[in-house]
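The points below begin with a pair of charged side chains and then move on to other parts of the chain.

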Amino acid sequence: MKFAVVFAAVLTVAIAAPVEDRDAQVLQYENDNQGIGGYNFKYDTSNGIQRVEQAQLKNFGEDINALVVRGSYSYVGADGQTYTVNYIADENGFQPEAAHLPHN
């Protein structure tokens, strides 16, 4: 299931990408699915996209368990600059941080 989600995300990026990015190759891919306890994965592509993510099961109270996800992704923008977004998704929702994103 997790592979299907990652594959769909990479496929979506590839379809929307310029022609030269559509030919990008996966240079590195690692996936460690720990079942209900969490997971770790990372990948790098030949067009400069990198992503790393890990999740751990956290108990939020009586019979309330959920995965807390931390990660980052980087890509090369049309201006040639590499952009990196770090994020966490937990009981407070999805929280991205990056120099190029507006701050509250």
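1. In this predicted model, E91 and K58 form a salt bridge in which the closest N and O atoms are 3.7 Å apart. Because E91 belongs to the loop between β5 (82-90) and β6 (93-97) while K58 belongs to strand β3 (residues 50-61), the pair ties together parts that are 33 residues apart in sequence. With a relative accessible area of 46%, E91 is partly exposed, and K58, at 36%, is partly exposed as well. The distance may deserve attention when the charged pair is set up, since a salt bridge is counted here for a side-chain nitrogen of Lys or Arg within 4 Å of a carboxyl oxygen of Asp or Glu.

2. The structure holds two salt bridges, and the other one to consider joins the side chains of E53 and R51, with an N to O distance of 2.6 Å. Is E53 buried or exposed? Its relative accessible area is 7%, so E53 counts as buried, given that the term applies under 20%.

3. Of the 104 residues of the protein, 21% count as buried. Among contacts between residues at least 6 apart in sequence, 18% join residues at least 24 apart.

4. Which residues make up the largest nonpolar core? This core has seven residues in all, namely Y39, F41, Y43, I49, A55, V69 and Y87, and strand β2 (residues 38-45) gives the most to it, with three residues.

5. One member of that core, F41, can also be placed relative to Y29, for the C-alpha atoms of Y29 and F41 are separated by 7.4 Å although the two residues are 12 apart along the chain. Y29 itself lies in strand β1 (residues 26-33) and, with a relative accessible area of 34%, is partly exposed. The side chain of Y29 is joined to that of N31 by a polar contact of 3.4 Å, a value to be read against the cut-off of 3.5 Å for such contacts.

6. S74, in strand β4 (residues 64-76), counts as buried at 10% relative accessibility. What does the side chain of S74 make a polar contact with? The partner is the side chain of T84, at 2.8 Å. Leaving aside its neighbours within four places in sequence, S74 is in contact with G48, I49, Q50, T82, Y83 and T84; of these, I49 is also listed in the largest nonpolar core.

Note on methods: Residues are numbered from 1 along each chain as its sequence is written. This is a predicted model: local features need pLDDT of at least 70, side-chain atom pairs count only at pLDDT 80 or more; totals for chains, interfaces and linings use all residues. Side-chain values use heavy atoms; hydrogens and water are left out. Buried means under 20% relative accessible area, exposed over 50%, partly exposed in between (1.4 Å probe, protein chains only). Helices (H or I, at least four residues) and strands (E, at least two) are DSSP runs, numbered from the N terminus. A nonpolar core is a set of buried Ala, Val, Leu, Ile, Met, Phe, Trp, Tyr and Cys residues joined through side-chain atoms within 4.5 Å. A polar contact is a pair of N or O atoms within 3.5 Å; within protein, one must be able to donate a hydrogen and the other to accept it, and residues adjacent in sequence count only if both atoms are side-chain atoms. Contact means heavy atoms within 4.5 Å.
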